[in-house]
Amino acid sequence: MRKSLIGIILLSIVIVGIALPIGFSAQSNTRVITYGETTYNNANYKSIVDNFFNQQAKVDVKNIDSKTITAADVNKISSTITGKTYGSNQIFSCALVDLSEQGNIKVTVDKSKITTITADMYISALKSAGVTHGHAYVTSPVSATGESALAGIMNSYEAATNVQIPDTVKKAANEEIYTESEIVQKDNVSAENLTKLVDNVKETVQQNNITDHSTIVNIIYNYTVNN
């Protein structure tokens with residue numbers, strides 16, 4: 001597990017140092033929904049998702065701009081990370097991003113459908129990608145791990161702000177999500193504890209401007225032992 005942790009933390013630290021997109025912290029009242037193409041093309045699935053957004057975000061989805069996330073969009077990132085290639089009948093996850101909410105970024109996850117990725121995991125990855133505020137809602141009409149939903153969330157932010165997130169940053173953020181989910185599932189680690197550990201290490205490294213690989217590895221090891 002420690003090797004995986006070292007990988008995702010180093011990766012997150014590196015992408016924070018990349019020229020991140022600007023504009024995500026700007027004031028905005030924009031809301032955008034991204035539908036997985038499988039969900040969008042199935043009236044019953046779309047109704048389930050819309051009901052979740054209506055109830056949780058207190059909005060009328062009919063008045064919100066939307067985009068469709070295709071298998072090609074997901075595969076552009078996930079295939080190089082997981083080795084998986086998704087078909088057009090496998091893209092279920094959907095996201096609503098509301099930029100009218102200011103303050104720290106929030107994520108609400110439909111725990112009855114999203115089985116692996118937690119709100120804190122999404123928040124950690126989005127922060128690494130330069131997203132600092134707003135409220136994202138994530139759901140699916142059927143049970144799903146939630147790994148591919150990050151692509152939809154970031155796409156929603158791009159549509160809402162008209163600011164592009166570099167592909168390098170998207171890939172790294174998705175790899176962070178995927179690796180954390182692998183650790184949770186294979187090593188029987190609490191998702192909450194894992195996310196807290198990752199965030200603590202990233203914060204320590206960034207606040208102290210640490211760039212030496214061995215020092216970072218030692219910090220990760222110490223946090224892992226203490227937890």
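1. The protein has nine helices and five strands, where helices (H or I, at least four residues) and strands (E, at least two) are DSSP runs numbered from the N terminus. The order of elements from the N terminus is α-β-α-α-β-α-β-β-α-β-α-α-α-α. This is a predicted model, in which local features need pLDDT of at least 70 and side-chain atom pairs count only at pLDDT 80 or more, while totals for chains, interfaces and linings use all residues. Residues are numbered from 1 along each chain as its sequence is written, and side-chain values use heavy atoms, with hydrogens and water left out.

2. On confidence: the protein averages a pLDDT of 80, and 85% of the residues score at least 70; pLDDT is the predictor's confidence in each residue, from 0 to 100. The pLDDT is below 50 over residues 14–23, a stretch that has 22 contacts in the model beyond near neighbours in sequence. Contact here means heavy atoms within 4.5 Å.

3. The protein exposes about 10,700 Å², of which carbon and sulfur atoms supply 44%. Of the contacts between residues at least 6 apart in sequence, 80% join residues at least 24 apart.

4. Helix α8 (residues 191–207) has 17 residues and reaches 24 Å from first C-alpha to last, close to the 24 Å expected at 1.5 Å a residue; the expected span is 1.5 Å times one less than the number of residues. Its buried residues are Ala191, Leu194, Thr195, Leu197, Val198, Val201, Lys202 and Val205. They cover an arc of only 160° around the axis, and are therefore on the same side of α8; the arc is that of the directions from the helix axis to the C-beta atoms. The face turned away from this buried side carries the exposed residues Glu192, Lys196 and Gln207.

5. At the ends of α8: a side-chain oxygen of serine 190 comes within 3.3 Å of the backbone nitrogen of glutamate 192 at the start of the helix. Just after α8, asparagine 209 has a positive phi of about 55°.

6. Helix α4 (residues 71–78) has Ala71, Val74, Asn75, Ile77 and Ser78 as its buried residues. Their arc around the axis is only 165°, so they are on the same side of α4. Ala72 and Lys76 are exposed on the other side. The buried residues of α4 pack against α2 (37–40), β2 (65–69) and α7 (167–187).

7. Histidine 135 is in strand β5 (residues 135–139) and is buried, with a relative accessible area of 9%. Its side chain makes a polar contact of 2.7 Å with that of threonine 108 and one of 3.3 Å with that of tyrosine 137. Leaving aside neighbours within four places in sequence, the contacts of histidine 135 include Leu96, Asp98, Glu101, Val107 and Tyr157. A polar contact is a pair of N or O atoms within 3.5 Å; within protein, one must be able to donate a hydrogen and the other to accept it, and residues adjacent in sequence count only if both atoms are side-chain atoms.

8. Valine 107 lies in strand β4 (residues 106–109) and is buried at a relative accessible area of 11%. Beyond four places in sequence, valine 107 is in contact with residues including Ala119, Tyr122, Leu126, His135 and Val138. The C-alpha atoms of valine 107 and alanine 95, 12 residues apart along the chain, are separated by 9.9 Å.

Notes: Buried < 20%, exposed > 50% of the residue type's maximum accessible area, 1.4 Å probe, protein only. Areas by Shrake-Rupley, 256 points an atom, 1.4 Å probe, with all protein chains shown as cover.
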